[in-house]
Amino acid sequence: MPSSPKLFHARSSPASPRRSTVLILASCLLIGLVGFVFGLAALLSSPQKCSNAEPKSIRVVWERVGDGVVSDGDGDGDGIVVDPRRRRQKVMGFVGIQTGFGSVGRRRSLRQTWMPSDPQSLRRLEEATGLTFRFVIGKTNDKSKMLELKKEIAEYDDFLLLDIQEEYSKLPYKTLAYFKAAYALFDADFYVKADDDIYLRPDRLSLLLAKERSHSQTYLGCMKKGPVFTDPKLKWYEPLSYLLGKEYFLHAYGPIYALSADVVASLVALRNNSFRMFSNEDVTIGAWMLAMNVNHENNQALCEPECTQSSIAVWDIPKCSGLCNPEKKLLELHQRESCSKSPTQASDD
């Protein structure tokens with residue numbers, strides 16, 4: 001009997017370490033699996049945030065105001081970071097109507113003419129043309145103006161807000177911010193920059209953008225050349241005129257032009273400080289286009305002084321950089337059958 005314990009230990013000793021090892025490994029695996037499951041659940045249930053290490057200048061803040069508030073921190077950032085949960089909306093063309101805090105009357109006139117004021121009618125126009133229309137505006141430190149803008153947004157919901165200061169002298173920066181924001185929000189074939197003081201035919205613009213093109217990088221507008229303004233007293237004075245010479249290179253008039261998706265993608269990919277910013281926005285864009293492998297497509301229907309059977313955009317060229325007295329002129333043009341009711345003509349090749 002005294003030898004029984006020794007006999008028991010002698011028989012069980014070879015298997016005991018293996019059994020203990022298996023049990024320990026199984027326990028470790030079980031604990032690890034439980035920890036992984038709980039960790040994964042916590043990760044999925046928590047809101048996704050940008051890394052704190054991300055530079056402030058490329059952060060984007062999203063709010064449900066119109067299509068969103070696109071922010072790049074100080075308004076001079078290097079790019080757009082999109083909420084990964086948001087899909088870019090597919091459209092044929094995105095038309096950003098550049099506007100400002102002093103243009104309440106212009107927006108009112110536009111909504112009474114070619115751009116519908118109620119969301120349902122605007123949606124029908126967008127579905128019929130394949131184009132999306134939004135007023136594009138920055139911000140101001142004037143709280144009363146911001147309050148009025150928020151009221152207008154709540155009523156019409158047709159804005160794209162940029163997190164940059166709204167200043168006429170900073171239009172090139174606003175234009176670049178617009179293209180970056182539009183590209184982040186919309187997957188478009190063309191991105192159109194338009195001013196809020198032109199009379200536009202969306203149906204004809206749609207036909208123009210839908211044309212077959214052999215070149216994937218297109219700069220489309222009413223092209224011009226002319227003397228560089230070197231007199232500081234003139235409205236379009238160019239402080240960097242010494243870089244340009246006596247005459248501007250070929251570029252599109254500023255009231256309306258379009259860039260194809262490939263062109264805008266190249267703009268989005270480059271850092272802001274790699275661009276030369278001239279005083280005038282249309283000259284600035286034209287300079288960038290010279291540096292890129294784009295096709296300059298000239299279309300005079302985008303700068304007609306009167307409504308015709310082929311006019312796409314009407315404004316008082318060359319007297320004004322848009323319509324003279326646009327609040328009144330927009331309403332007058334819309335009453336003319338030649339402007340609002342003439343048949344849509346297929347665009348010329």
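Predicted model: local features only at pLDDT ≥ 70, side-chain atom pairs only at ≥ 80, totals over all residues.
Which side chain meets Lys211 in a salt bridge? The partner is Glu297, at 3.9 Å from N to O. The chain has a mean pLDDT of 80, and 70% of its residues reach 70 or more. Below is a short tour, grouped by topic, for you to follow with the structure open.

**Where to be careful**

- Residues 40-68 have a pLDDT below 50. The model still gives this stretch 46 contacts beyond near neighbours in sequence.
- Residues 71-81 also deserve a note, as pLDDT stays under 50 there. For this stretch the model has 40 contacts beyond four places in sequence.

**Salt bridges**

- Lys211 counts as buried because its relative accessibility is 18%, under the 20% cut-off. Glu297 is buried as well, at 12% relative accessibility.
- Asp195 and Lys193 form another salt bridge, in which the closest N and O atoms are 2.8 Å apart. Asp195 counts as buried at 17% relative accessibility, and Lys193 counts as buried at 3%.
- Lys328 and Glu332 meet through their side chains at 4.0 Å, N to O. Both residues lie in helix 10 (residues 326-335), four residues apart, which is about one turn of the helix. An α-helix has 3.6 residues a turn, so residues three or four places apart point the same way. Glu332 is partly exposed, with a relative accessible area of 35%.
- Salt bridges also link Arg107, Arg111, Glu152 and Asp158 into a network.

**Strand 2 and its partners**

- Strand 2 (residues 89-98) is mostly covered, with eight of its ten residues buried.
- One partner of strand 2 is strand 5 (residues 186-195), and the two pair in the parallel sense over nine bridges. Here Gln98 stands opposite Asp195, the residue that also forms the salt bridge with Lys193.
- Strand 3 (residues 131-139) is another partner of strand 2, again in the parallel sense, over six bridges. In strand 3, Gln98 has Val136 as its bridge partner.

**Aromatic rings**

- The structure holds nine aromatic pairs. One of them joins Phe275 and Trp288 in a tilted arrangement, 4.4 Å centre to centre with 50° between the planes. Phe275 lies in the loop between helix 8 (261-269) and helix 9 (281-290) and Trp288 lies in helix 9, so the pair ties together parts that are 13 residues apart in sequence. Both Phe275 and Trp288 are buried.
- Ring pairs also join Phe94, Tyr178, Phe179 and Phe186 into a cluster.

**Charges over rings**

- Arg88 places its charged end over the ring of Tyr183, 4.3 Å from the ring centre.
- Arg111 does likewise with Tyr156, its charged end sitting over the ring at 3.8 Å from the centre. Arg111 is also one of the residues in the salt-bridge network mentioned above.

**Helix 7**

- Helix 7 is mostly covered, as six of its eight residues are buried.
- The buried residues of helix 7 are Pro202, Arg204, Leu205, Ser206, Leu208 and Leu209.

**Around Ala301**

- Ala301 is found in the loop between strand 9 (295-298) and strand 10 (313-314). This residue counts as buried, at 12% relative accessibility.
- Ala301 and Ile312 are eleven residues apart in sequence, and their C-alpha atoms are 5.3 Å apart in space.
- Leaving aside neighbours within four places in sequence, Ala301 is in contact with Ser310, Ser311, Ile312 and Ala313.

Technical notes. Residues numbered from 1 in each chain as written. Heavy atoms only, no water. Phe/Tyr/Trp six-rings, centres within 6.5 Å; stacked < 30°, edge-to-face > 60°. Buried < 20%, exposed > 50% of the residue type's maximum accessible area, 1.4 Å probe, protein only. Lys NZ or Arg CZ within 6 Å of the ring centre and 35° of its normal. pLDDT = per-residue confidence, 0-100. Contact = heavy atoms within 4.5 Å. Pairing = 2+ DSSP bridges.
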